[in-house]
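Please open the structure in your viewer and keep the selection tool at hand, as this tour moves from one stop to the next.

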Amino acid sequence: MTTPRAGRPKASSREMLAEAASELFLEQGYDATSIAEIAARAGVSRSSFFNYAASKGALLWGGLDERLDALDADLAALSPREAVRRVADRFAPDALALAYANAEAMGLVPELERESALRRARIARAVARALRRRGVDALGAEVAGAAYGGAVLAALERWALQGPGRSDLAATLDAALDAIATIPLD
């Protein structure tokens, strides 16, 4: 039997780091903020920082990434819409929502664009794999996956810009998913 490690729980420490990072990004900008400064503000060592996040940008995406980690399993049991919809269930305002709402002031626009593209692609790959397993042709699966990935990230950004907590991310995502079928393409 192993004894649990002493110290802060991983999620709460990541949240503390994300909060410290957000404060520093607002104060001095993303590029001017070092990992050492974030760790010091959060009260952890620089080496401990990497137990919680791979980079300073990854701190912002922790909540969403946890949900995306569950997406493959959800896609095995649910329709793509239902599985993707779970990403938004009970999603609370977090560092990512704050980052979207304050992207210019934090100097995060290029970082958010780059990192959101990675998450869009991650969702697209997961949905496309699930659809191919269900017999959808590869091209159709890829296109549908891209649409789902785009819907999730567009909804997340829209929700954050409306003021996270003022509206429901799940309802915003539902509207984005509905848009997939209703937007005229010609």
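**First stop: Thr-172**

Thr-172 lies in helix H11, where helices (H or I, at least four residues) are DSSP runs numbered from the N terminus. At 14% relative accessibility, Thr-172 counts as buried, a word that stands for under 20% relative accessible area, with exposed for over 50% and partly exposed in between (1.4 Å probe, protein chains only).

Before going on, keep in mind that this is a predicted model, in which local features need pLDDT of at least 70 and side-chain atom pairs count only at pLDDT 80 or more, while totals for chains, interfaces and linings use all residues. Residues are numbered from 1 along each chain as its sequence is written, and side-chain values use heavy atoms, with hydrogens and water left out.

**Second stop: salt bridges**

Side chains of opposite charge can pair when their charged atoms come close. How many salt bridges does a search of the whole structure find? The search finds 15, each being a side-chain nitrogen of Lys or Arg within 4 Å of a carboxyl oxygen of Asp or Glu.

Next, select Asp-74 and Arg-86, whose side chains meet in a salt bridge (3.2 Å, N to O). Asp-74 is in helix H5 (residues 71-77) and Arg-86 in helix H6 (residues 80-86), twelve residues apart. Is Asp-74 buried or exposed? Asp-74 is buried, with a relative accessible area of 15%, whereas Arg-86, at 43% relative accessibility, counts as partly exposed.

Now select Arg-41 and Glu-23, where the two side chains meet in a salt bridge (2.9 Å, N to O). Because Arg-41 lies in helix H2 (residues 35-42) and Glu-23 in helix H1 (residues 10-28), the pair ties together parts that are 18 residues apart in sequence.

To see a network of salt bridges, select Asp-65, Asp-69, Glu-115, Arg-119 and Arg-122, which are linked in this way.

Select Ile-35, Ile-38, Ala-39 and Ala-42, the buried residues of H2. Seen down the axis of H2, these buried residues fall within an arc of 95°, so they line one face of the helix; the arc is that of the directions from the helix axis to the C-beta atoms. Just after H2, Gly-43 takes a positive phi of about 80°.

**Last stop: the largest pocket**

Finally, select Arg-14, Glu-15, Gly-63, Asp-94 and Ala-95, which of the 18 residues that line the largest pocket are the closest to its centre. On a 1 Å grid over the protein atoms alone, a pocket is an open set of points where a 1.4 Å probe fits, with protein on both sides within 12 Å along at least five of seven lines, and lining residues have an atom within 4 Å of a point. The elements that give two or more residues to this lining are H1, helix H4 (58-69) and helix H7 (95-101).
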